[in-house]
Amino acid sequence: MKYDTMVIHNPQSEAGHLKDALGAVVLPVYLSTTYAQNGLGNYQRYMYIRGGNPTRNALEELAARLEDARYGFAFSSGMAATSAVFNLFSAGDTILLNNNVYGGTFRYVSNLFQRRGLGYHLVDNFNTLDFAALTPDVKAVFIETPSNPLLQVTDIRRVADAAHKKGITVVVDNTFMTSYFQKPLQLGADIVVYSATKYYSGHSDILAGLALVNDTALAEQLKFLQNTLGNGLSPQDSYMLQRSIKTLPLRLDRHEKNTNTVVAYLQAHPRVAKVFYPTVPDEERRIQAAQSAGNGAVLSLVLSDGCDPARFIAALSLFDLAVSLGSVESLVCHPASMTHESFPADLQKKVGIEPNLIRLSIGIENIDDLIADLEQALVYCTRQAT
Ligand SMILES: Cc1ncc(COP(=O)(O)O)c(C=O)c1O
(Lines give C-alpha, C1' and ligand atoms only; values in the text may rest on other atoms or scores of the structure.)
Protein backbone atom coordinates (compact mmCIF):
# COMPACT_ATOMS: atom_id res chain seq x y z
CA MET A 1 0.00 0.00 0.00
CA LYS A 2 1.32 3.47 -0.89
CA TYR A 3 1.81 6.21 1.71
CA ASP A 4 -1.16 8.32 0.62
CA THR A 5 -3.46 5.29 0.84
CA MET A 6 -2.00 4.13 4.17
CA VAL A 7 -2.88 7.44 5.85
CA ILE A 8 -6.56 6.69 5.13
CA HIS A 9 -7.02 2.89 5.06
CA ASN A 10 -5.96 0.63 7.90
CA PRO A 11 -6.98 -3.02 7.51
CA GLN A 12 -5.40 -5.58 9.84
CA SER A 13 -4.50 -2.96 12.39
CA GLU A 14 -5.78 -1.77 15.74
CA ALA A 15 -7.68 1.02 13.94
CA GLY A 16 -9.18 -1.44 11.46
CA HIS A 17 -10.18 -3.79 14.26
CA LEU A 18 -11.81 -1.01 16.34
CA LYS A 19 -13.74 0.31 13.31
CA ASP A 20 -14.87 -3.14 12.18
CA ALA A 21 -16.48 -3.88 15.56
CA LEU A 22 -19.49 -1.74 14.51
CA GLY A 23 -18.70 -0.83 10.93
CA ALA A 24 -17.56 2.67 11.89
CA VAL A 25 -15.91 4.62 9.10
CA VAL A 26 -13.72 6.65 11.46
CA LEU A 27 -11.58 5.60 14.41
CA PRO A 28 -13.54 5.37 17.70
CA VAL A 29 -12.30 7.35 20.70
CA TYR A 30 -12.00 5.25 23.86
CA LEU A 31 -12.12 7.57 26.85
CA SER A 32 -12.17 4.90 29.56
CA THR A 33 -9.22 5.34 31.90
CA THR A 34 -9.53 1.81 33.27
CA TYR A 35 -10.66 -1.64 32.05
CA ALA A 36 -12.41 -4.37 34.05
CA GLN A 37 -10.41 -7.52 34.67
CA ASN A 38 -11.98 -10.96 34.05
CA GLY A 39 -10.86 -12.08 37.48
CA LEU A 40 -7.92 -11.86 39.81
CA GLY A 41 -4.72 -11.72 37.75
CA ASN A 42 -6.82 -12.19 34.59
CA TYR A 43 -6.37 -8.99 32.60
CA GLN A 44 -7.98 -8.13 29.29
CA ARG A 45 -6.02 -6.48 26.49
CA TYR A 46 -6.13 -3.04 28.16
CA MET A 47 -5.73 -2.24 31.82
CA TYR A 48 -5.07 1.44 32.53
CA ILE A 49 -4.86 4.41 30.18
CA ARG A 50 -1.29 5.41 31.03
CA GLY A 51 -0.01 2.03 29.88
CA GLY A 52 -2.21 1.64 26.81
CA ASN A 53 -5.31 3.07 25.16
CA PRO A 54 -6.98 1.69 22.00
CA THR A 55 -7.22 5.05 20.20
CA ARG A 56 -3.62 5.96 21.05
CA ASN A 57 -2.43 2.50 20.07
CA ALA A 58 -4.17 2.87 16.69
CA LEU A 59 -2.34 6.16 16.14
CA GLU A 60 0.96 4.61 17.23
CA GLU A 61 0.51 1.75 14.77
CA LEU A 62 -0.28 4.23 12.00
CA ALA A 63 2.79 6.36 12.77
CA ALA A 64 4.97 3.23 12.79
CA ARG A 65 3.53 1.98 9.48
CA LEU A 66 4.16 5.33 7.79
CA GLU A 67 7.78 5.19 8.95
CA ASP A 68 8.25 1.49 8.04
CA ALA A 69 9.08 1.12 11.72
CA ARG A 70 8.21 -1.78 14.01
CA TYR A 71 7.17 0.29 17.02
CA GLY A 72 5.63 3.72 17.56
CA PHE A 73 4.84 5.74 20.68
CA ALA A 74 2.68 8.84 20.96
CA PHE A 75 3.51 11.42 23.60
CA SER A 76 1.84 14.50 25.01
CA SER A 77 4.28 16.80 23.15
CA GLY A 78 7.40 16.74 21.02
CA MET A 79 9.40 17.64 24.13
CA ALA A 80 7.80 14.71 26.00
CA ALA A 81 9.02 12.37 23.22
CA THR A 82 12.50 13.92 23.35
CA SER A 83 12.50 13.74 27.15
CA ALA A 84 11.58 10.03 27.06
CA VAL A 85 14.49 9.45 24.69
CA PHE A 86 16.89 11.37 26.95
CA ASN A 87 15.66 9.18 29.82
CA LEU A 88 17.18 6.16 28.06
CA PHE A 89 20.61 7.42 29.10
CA SER A 90 22.39 7.29 32.45
CA ALA A 91 24.71 9.40 34.57
CA GLY A 92 28.12 9.68 32.93
CA ASP A 93 26.75 9.48 29.36
CA THR A 94 27.30 12.33 26.90
CA ILE A 95 24.97 13.22 24.02
CA LEU A 96 26.08 15.21 20.96
CA LEU A 97 23.60 17.58 19.29
CA ASN A 98 23.63 19.94 16.28
CA ASN A 99 24.74 23.40 17.29
CA ASN A 100 21.51 24.86 15.85
CA VAL A 101 19.17 22.41 17.53
CA TYR A 102 15.58 23.44 18.44
CA GLY A 103 15.73 25.96 21.33
CA GLY A 104 13.52 23.85 23.63
CA THR A 105 15.83 20.85 23.21
CA PHE A 106 18.79 23.12 24.03
CA ARG A 107 16.92 24.45 27.09
CA TYR A 108 16.43 20.85 28.22
CA VAL A 109 20.05 19.73 27.84
CA SER A 110 21.56 22.96 29.18
CA ASN A 111 19.34 23.02 32.29
CA LEU A 112 18.38 19.44 33.16
CA PHE A 113 21.29 17.26 32.04
CA GLN A 114 23.63 18.42 34.79
CA ARG A 115 21.14 17.38 37.50
CA ARG A 116 21.09 13.85 36.10
CA GLY A 117 24.86 13.65 35.59
CA LEU A 118 24.48 13.65 31.79
CA GLY A 119 26.80 15.64 29.53
CA TYR A 120 26.15 17.28 26.17
CA HIS A 121 28.23 18.84 23.47
CA LEU A 122 27.14 20.92 20.47
CA VAL A 123 28.62 19.87 17.13
CA ASP A 124 29.17 22.44 14.35
CA ASN A 125 28.92 19.96 11.49
CA PHE A 126 28.12 16.26 11.90
CA ASN A 127 29.17 15.64 8.28
CA THR A 128 32.81 16.32 9.12
CA LEU A 129 32.84 15.00 12.70
CA ASP A 130 35.64 12.53 13.38
CA PHE A 131 33.78 9.73 15.19
CA ALA A 132 36.96 7.73 15.76
CA ALA A 133 38.21 10.51 18.03
CA LEU A 134 35.14 10.50 20.31
CA THR A 135 35.61 9.51 23.94
CA PRO A 136 33.75 6.42 25.27
CA ASP A 137 31.29 8.51 27.33
CA VAL A 138 29.57 9.60 24.08
CA LYS A 139 26.53 7.35 23.96
CA ALA A 140 24.19 9.15 21.53
CA VAL A 141 24.02 11.70 18.76
CA PHE A 142 20.85 13.76 18.41
CA ILE A 143 20.47 15.22 14.95
CA GLU A 144 17.98 17.56 13.37
CA THR A 145 18.24 17.46 9.62
CA PRO A 146 17.51 19.91 8.12
CA SER A 147 18.41 21.86 11.24
CA ASN A 148 16.49 24.70 12.81
CA PRO A 149 16.72 27.57 11.90
CA LEU A 150 19.70 27.32 9.49
CA LEU A 151 18.45 24.30 7.51
CA GLN A 152 21.83 22.54 7.54
CA VAL A 153 21.65 19.02 6.16
CA THR A 154 23.33 16.06 7.90
CA ASP A 155 24.16 12.86 6.05
CA ILE A 156 22.20 10.41 8.23
CA ARG A 157 23.71 7.25 6.74
CA ARG A 158 27.27 8.48 7.16
CA VAL A 159 26.61 9.44 10.77
CA ALA A 160 24.81 6.16 11.54
CA ASP A 161 27.60 4.02 10.03
CA ALA A 162 30.31 5.91 11.92
CA ALA A 163 28.34 6.08 15.18
CA HIS A 164 27.46 2.39 15.20
CA LYS A 165 31.12 1.40 14.90
CA LYS A 166 31.51 3.02 18.34
CA GLY A 167 28.24 1.68 19.78
CA ILE A 168 26.66 5.15 19.72
CA THR A 169 22.86 5.45 19.42
CA VAL A 170 21.59 7.70 16.62
CA VAL A 171 18.48 9.80 17.25
CA VAL A 172 16.97 11.95 14.49
CA ASP A 173 14.43 14.70 15.16
CA ASN A 174 12.57 14.44 11.85
CA THR A 175 9.99 17.15 12.57
CA PHE A 176 10.84 19.30 9.52
CA MET A 177 10.58 16.39 7.06
CA THR A 178 8.02 13.88 8.44
CA SER A 179 8.02 10.27 7.25
CA TYR A 180 6.49 11.49 3.97
CA PHE A 181 9.81 13.05 2.91
CA GLN A 182 12.43 11.23 4.97
CA LYS A 183 12.68 7.92 6.84
CA PRO A 184 15.76 8.06 9.09
CA LEU A 185 15.38 4.48 10.41
CA GLN A 186 15.89 3.22 6.86
CA LEU A 187 19.07 5.29 6.68
CA GLY A 188 20.43 3.61 9.80
CA ALA A 189 19.11 5.78 12.66
CA ASP A 190 17.99 3.97 15.83
CA ILE A 191 15.29 6.36 17.06
CA VAL A 192 13.17 8.96 15.28
CA VAL A 193 11.36 11.66 17.25
CA TYR A 194 8.82 14.23 16.16
CA SER A 195 7.07 17.28 17.32
CA ALA A 196 3.78 16.08 15.84
CA THR A 197 2.47 19.52 16.81
CA LYS A 198 3.92 20.60 13.45
CA TYR A 199 3.18 18.93 10.09
CA TYR A 200 1.47 15.79 11.43
CA SER A 201 -1.11 18.02 13.15
CA GLY A 202 -0.91 20.66 10.44
CA HIS A 203 -3.59 22.98 11.81
CA SER A 204 -1.93 24.52 14.91
CA ASP A 205 -4.43 22.85 17.21
CA ILE A 206 -2.79 19.70 18.65
CA LEU A 207 0.24 19.39 20.97
CA ALA A 208 1.79 15.94 20.39
CA GLY A 209 5.01 14.00 19.95
CA LEU A 210 6.03 10.68 18.41
CA ALA A 211 8.95 8.29 18.80
CA LEU A 212 9.61 5.39 16.40
CA VAL A 213 12.07 2.50 16.70
CA ASN A 214 12.78 -0.91 15.17
CA ASP A 215 14.71 -2.40 18.06
CA THR A 216 12.57 -4.42 20.50
CA ALA A 217 14.71 -3.62 23.57
CA LEU A 218 14.48 0.13 22.83
CA ALA A 219 10.73 -0.22 22.29
CA GLU A 220 10.29 -1.95 25.65
CA GLN A 221 12.19 0.85 27.38
CA LEU A 222 10.13 3.55 25.65
CA LYS A 223 6.92 1.75 26.58
CA PHE A 224 8.13 1.55 30.19
CA LEU A 225 8.99 5.28 30.16
CA GLN A 226 5.64 6.25 28.61
CA ASN A 227 3.82 4.38 31.38
CA THR A 228 6.17 5.44 34.18
CA LEU A 229 6.56 9.12 33.27
CA GLY A 230 2.87 9.37 32.37
CA ASN A 231 3.46 11.38 29.21
CA GLY A 232 1.32 9.46 26.69
CA LEU A 233 -0.99 11.31 24.30
CA SER A 234 -4.65 11.60 25.36
CA PRO A 235 -7.34 9.62 23.45
CA GLN A 236 -8.96 12.79 22.04
CA ASP A 237 -5.66 14.18 20.78
CA SER A 238 -4.73 10.74 19.41
CA TYR A 239 -7.95 10.78 17.40
CA MET A 240 -7.36 14.33 16.21
CA LEU A 241 -3.81 13.54 15.16
CA GLN A 242 -4.75 10.46 13.10
CA ARG A 243 -7.44 12.59 11.46
CA SER A 244 -4.88 15.25 10.53
CA ILE A 245 -2.50 12.64 9.17
CA LYS A 246 -5.09 11.69 6.52
CA THR A 247 -4.25 14.92 4.66
CA LEU A 248 -0.51 15.00 5.42
CA PRO A 249 0.62 14.03 1.88
CA LEU A 250 -1.78 16.49 0.24
CA ARG A 251 -0.72 19.28 2.56
CA LEU A 252 3.01 18.61 2.23
CA ASP A 253 2.87 18.55 -1.57
CA ARG A 254 1.23 21.97 -1.56
CA HIS A 255 3.50 23.34 1.22
CA GLU A 256 6.54 22.35 -0.78
CA LYS A 257 5.26 23.62 -4.12
CA ASN A 258 4.60 27.02 -2.53
CA THR A 259 8.02 26.97 -0.84
CA ASN A 260 9.91 26.31 -4.07
CA THR A 261 8.33 29.42 -5.57
CA VAL A 262 9.07 31.51 -2.46
CA VAL A 263 12.72 30.35 -2.35
CA ALA A 264 13.28 31.24 -6.03
CA TYR A 265 11.60 34.62 -5.52
CA LEU A 266 13.65 35.50 -2.41
CA GLN A 267 16.95 34.34 -3.94
CA ALA A 268 16.45 36.77 -6.82
CA HIS A 269 15.38 39.68 -4.59
CA PRO A 270 17.90 42.53 -4.09
CA ARG A 271 16.72 43.12 -0.51
CA VAL A 272 17.49 39.56 0.54
CA ALA A 273 21.16 38.90 1.33
CA LYS A 274 20.91 35.16 1.90
CA VAL A 275 18.39 32.31 1.84
CA PHE A 276 18.77 29.14 3.94
CA TYR A 277 17.00 26.10 2.48
CA PRO A 278 18.19 22.49 2.08
CA THR A 279 18.70 22.97 -1.67
CA VAL A 280 20.91 26.00 -1.41
CA PRO A 281 24.53 24.93 -0.68
CA ASP A 282 25.57 22.43 -3.39
CA GLU A 283 27.07 19.82 -1.08
CA GLU A 284 24.01 19.79 1.18
CA ARG A 285 21.64 19.67 -1.80
CA ARG A 286 23.37 16.46 -2.90
CA ILE A 287 22.95 14.86 0.55
CA GLN A 288 19.35 16.04 0.83
CA ALA A 289 18.44 14.67 -2.60
CA ALA A 290 19.98 11.30 -1.72
CA GLN A 291 18.21 10.83 1.60
CA SER A 292 14.90 12.69 1.26
CA ALA A 293 12.00 12.79 -1.14
CA GLY A 294 11.47 16.52 -0.51
CA ASN A 295 12.92 19.62 1.08
CA GLY A 296 10.11 20.77 3.34
CA ALA A 297 8.49 24.14 3.78
CA VAL A 298 10.65 26.00 6.28
CA LEU A 299 13.24 28.48 5.11
CA SER A 300 15.25 31.25 6.70
CA LEU A 301 16.49 34.47 5.17
CA VAL A 302 18.82 37.31 6.02
CA LEU A 303 17.62 40.72 4.89
CA SER A 304 20.10 43.01 3.17
CA ASP A 305 21.62 45.80 5.28
CA GLY A 306 19.20 48.43 4.07
CA CYS A 307 16.23 46.46 5.34
CA ASP A 308 14.89 46.59 8.91
CA PRO A 309 13.67 43.13 10.13
CA ALA A 310 11.10 44.69 12.48
CA ARG A 311 9.58 46.74 9.64
CA PHE A 312 9.59 43.70 7.33
CA ILE A 313 7.78 41.56 9.92
CA ALA A 314 5.31 44.31 10.83
CA ALA A 315 4.39 44.84 7.18
CA LEU A 316 3.49 41.20 6.52
CA SER A 317 -0.22 40.57 6.69
CA LEU A 318 -0.63 36.90 5.70
CA PHE A 319 2.30 35.67 7.81
CA ASP A 320 1.40 35.72 11.52
CA LEU A 321 4.34 36.51 13.81
CA ALA A 322 4.39 33.32 15.87
CA VAL A 323 6.62 30.47 17.01
CA SER A 324 5.96 27.00 15.57
CA LEU A 325 5.71 25.84 11.98
CA GLY A 326 4.16 23.19 9.80
CA SER A 327 0.57 24.36 9.69
CA VAL A 328 -1.70 25.33 6.84
CA GLU A 329 -1.20 29.03 7.64
CA SER A 330 2.10 30.79 6.90
CA LEU A 331 4.11 32.04 9.88
CA VAL A 332 7.08 34.34 10.35
CA CYS A 333 9.46 34.01 13.28
CA HIS A 334 12.51 35.88 14.56
CA PRO A 335 14.67 33.01 15.91
CA ALA A 336 17.06 35.20 17.96
CA SER A 337 14.23 36.54 20.15
CA MET A 338 11.71 33.71 19.81
CA THR A 339 12.47 30.01 19.18
CA HIS A 340 16.18 30.32 20.03
CA GLU A 341 16.11 32.91 22.80
CA SER A 342 17.30 30.17 25.20
CA PHE A 343 20.67 30.27 23.36
CA PRO A 344 23.06 32.69 25.15
CA ALA A 345 24.02 35.68 22.94
CA ASP A 346 27.56 34.40 22.26
CA LEU A 347 26.21 31.00 21.17
CA GLN A 348 23.64 32.65 18.89
CA LYS A 349 26.47 34.63 17.28
CA LYS A 350 28.77 31.62 16.92
CA VAL A 351 26.03 29.49 15.37
CA GLY A 352 24.84 32.23 13.00
CA ILE A 353 21.48 33.12 14.56
CA GLU A 354 21.86 36.80 13.68
CA PRO A 355 19.45 39.60 14.66
CA ASN A 356 18.43 39.99 11.01
CA LEU A 357 17.73 36.29 10.50
CA ILE A 358 14.07 35.57 9.79
CA ARG A 359 12.39 32.16 9.53
CA LEU A 360 9.34 31.52 7.40
CA SER A 361 7.02 28.54 7.60
CA ILE A 362 5.23 28.48 4.27
CA GLY A 363 1.56 27.49 4.41
CA ILE A 364 -0.83 26.24 1.78
CA GLU A 365 -2.43 29.59 0.83
CA ASN A 366 -2.53 30.72 -2.79
CA ILE A 367 1.07 31.36 -3.86
CA ASP A 368 0.27 34.64 -5.65
CA ASP A 369 -1.08 36.08 -2.40
CA LEU A 370 1.99 34.95 -0.44
CA ILE A 371 4.41 36.47 -2.97
CA ALA A 372 2.42 39.73 -3.08
CA ASP A 373 2.56 39.93 0.72
CA LEU A 374 6.34 39.32 0.79
CA GLU A 375 6.87 41.85 -2.00
CA GLN A 376 5.05 44.69 -0.25
CA ALA A 377 6.93 43.91 3.01
CA LEU A 378 10.27 43.98 1.19
CA VAL A 379 9.35 47.38 -0.25
CA TYR A 380 8.29 48.66 3.18
CA CYS A 381 11.29 47.33 5.13
CA THR A 382 13.76 50.02 4.00
CA ARG A 383 15.42 51.47 7.09
CA GLN A 384 14.22 54.94 8.05
CA ALA A 385 16.85 57.71 8.16
CA THR A 386 17.68 58.50 11.79
C1 LIG B 1 12.40 20.56 15.55
C2 LIG B 1 11.57 20.56 16.79
N3 LIG B 1 11.68 19.55 17.67
C4 LIG B 1 10.94 19.49 18.80
C5 LIG B 1 10.07 20.51 19.12
C6 LIG B 1 9.27 20.42 20.40
O7 LIG B 1 7.98 19.98 20.14
P8 LIG B 1 6.65 20.39 20.99
O9 LIG B 1 6.48 21.86 20.88
O10 LIG B 1 5.59 19.59 20.31
O11 LIG B 1 6.91 19.96 22.40
C12 LIG B 1 9.89 21.57 18.25
C13 LIG B 1 8.93 22.64 18.57
O14 LIG B 1 8.97 23.72 18.02
C15 LIG B 1 10.68 21.59 17.06
O16 LIG B 1 10.56 22.61 16.17
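Reader: Why is Glu-14 called buried?

Author: In this predicted model, Glu-14 has a relative accessible area of 4%, and a residue counts as buried when that value is under 20%, so Glu-14 belongs in the buried class.

Reader: And what makes Arg-45 exposed?

Author: The relative accessible area of Arg-45 is 57%, and the cut-off for exposed is over 50%, which means that Arg-45 is placed in the exposed class.

Reader: How do you know that the side chains of Arg-45 and Glu-14 meet in a salt bridge?

Author: Between the side chains of Arg-45 and Glu-14, the N to O distance is 2.9 Å, and the definition asks for a side-chain nitrogen of Lys or Arg within 4 Å of a carboxyl oxygen of Asp or Glu, so the pair qualifies. This bridge links distant parts of the chain, since Arg-45 sits in the loop between α2 (14–20) and α3 (54–67) while Glu-14 is in helix α2, 31 residues apart.

Reader: How many salt bridges does the structure hold?

Author: There are 4 salt bridges in the structure. One of them joins Lys-350 and Asp-124, whose closest N and O atoms are 3.3 Å apart; that value is within the 4 Å cut-off, and therefore the pair is counted. Here too distant parts of the chain are linked, with Lys-350 in helix α13 (residues 345–351) and Asp-124 in the loop between β3 (119–123) and β4 (138–144), 226 residues apart.

Reader: Why does Asp-124 count as partly exposed?

Author: Asp-124 has 45% relative accessibility, and partly exposed covers the range between the buried limit of 20% and the exposed limit of 50%, so Asp-124 falls into that middle class.

Reader: Where do Glu-283 and Arg-286 lie?

Author: Glu-283 and Arg-286 are both found in helix α11 (residues 282–291), 3 residues apart, which is about one turn of the helix. They form a salt bridge as well, with the closest N and O atoms 2.9 Å apart, and Glu-283 is partly exposed at 48% relative accessible area.

Reader: Why is helix α4 described as mostly covered?

Author: Of the 9 residues in helix α4 (residues 78–86), 8 are buried, each having under 20% relative accessible area by the definition, and that is why the helix is described in this way. Among these buried residues are Gly-78, Thr-82 and Phe-86. At the N-terminal end, Ser-77 caps α4 through a side-chain oxygen 3.3 Å from the backbone nitrogen of Met-79.

Reader: Which residues have the most contacts inside the largest nonpolar core?

Author: They are Tyr-200, Leu-212, Leu-241, Leu-266, Leu-299, Phe-312 and Leu-360, in a core of 98 residues. A second, separate core has 19 residues, including Val-141 and Ile-168.

Definitions and conventions:
Residues numbered from 1 in each chain as written. Predicted model: local features only at pLDDT ≥ 70, side-chain atom pairs only at ≥ 80, totals over all residues. Heavy atoms only, no water. Core = buried A, V, L, I, M, F, W, Y, C linked by side-chain atoms within 4.5 Å. Buried < 20%, exposed > 50% of the residue type's maximum accessible area, 1.4 Å probe, protein only. Helix = DSSP H or I, 4+ residues; strand = E, 2+ residues; numbered from the N terminus. Polar contact = N/O pair within 3.5 Å; in protein donor to acceptor, adjacent residues only side chain to side chain.
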